[in-house]
Amino acid sequence: MSTYSPYSTYTMLTYQSSSFISYIRTDVLRGTCDVQFKDGKFYTYYNVSRRALLNLELNKSMSLGFWFNRNCVNSNATYSLVFDVNKVYAFQTNPYVLSAA
């Protein structure tokens, strides 16, 4: 009998020089990856090829932008926006928020 635990999966962060992507965190067992863009948006991609995820982990010289376009954008992968730092920052600096005087 096996039980699911979100902490028992194998994930790996990939930092490589990219003008568009800060990092990609891969989860080969689930077939997902989390992508942090330089503009502050954070997306999770589902149904990503496990072979492509392993290839990214093992090939440190691969371009993150090339890998992302091929395996997340131009594929059957689905995505969801998890976090947008720009919206949080805009909310915190809203001049119309009333403060106690």
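The model is predicted, so local features need pLDDT of at least 70 and side-chain atom pairs count only at pLDDT 80 or more, while totals for chains, interfaces and linings use all residues. Residues are numbered from 1 along each chain as its sequence is written, and side-chain values use heavy atoms, with hydrogens and water left out. The protein chain has three helices and five strands, where helices (H or I, at least four residues) and strands (E, at least two) are DSSP runs numbered from the N terminus.

**Whole chain**

- Along the sequence, the elements of the protein chain follow the order β-β-β-β-α-α-β-α.
- Of the 101 residues in the protein chain, 34% are buried; buried means under 20% relative accessible area, exposed over 50%, and partly exposed in between (1.4 Å probe, protein chains only).
- The protein chain has an accessible surface of about 7,300 Å², and carbon and sulfur atoms account for 56% of that surface; areas come from the Shrake-Rupley method with a 1.4 Å probe.
- Counting contacts between residues at least 6 apart in sequence, 43% join residues at least 24 apart, a contact being heavy atoms within 4.5 Å.

**Helices α1 and α2**

- Helix α1 spans residues 50-58 and helix α2 residues 64-73; their axes come within 11 Å and cross at roughly 175°.
- The axes are lines fitted to C-alpha atoms, for helices over the stretch in contact, with angles from 0 to 180 degrees between N-to-C directions.
- On the α1 side the meeting residues are Ala-52, Leu-53 and Leu-56, and on the α2 side Leu-64, Trp-67 and Asn-71.
- By class, this contact of α1 with α2 has five nonpolar residues, one polar and no charged; Ala, Val, Leu, Ile, Met, Phe, Trp, Tyr, Cys and Pro count as nonpolar, Asp, Glu, Lys and Arg as charged, and the others, Gly among them, as polar.

**Asp-27**

- Asp-27 lies in strand β2 (residues 21-27) and is buried, at 5% relative accessible area.
- The backbone nitrogen of Leu-29 is 3.3 Å from the side chain of Asp-27.

**Lys-41**

- Lys-41 belongs to strand β4 (residues 41-46) and is partly exposed, with 28% relative accessibility.
- Leaving out residues up to four places away in sequence, Lys-41 touches Val-35, Gln-36, Leu-81, Phe-83 and Asp-84.
- Between Lys-41 and Lys-87 there are 9.5 Å in space, C-alpha to C-alpha, and the two are 46 residues apart in sequence.

How values were computed. A polar contact is a pair of N or O atoms within 3.5 Å; within protein, one must be able to donate a hydrogen and the other to accept it, and residues adjacent in sequence count only if both atoms are side-chain atoms.
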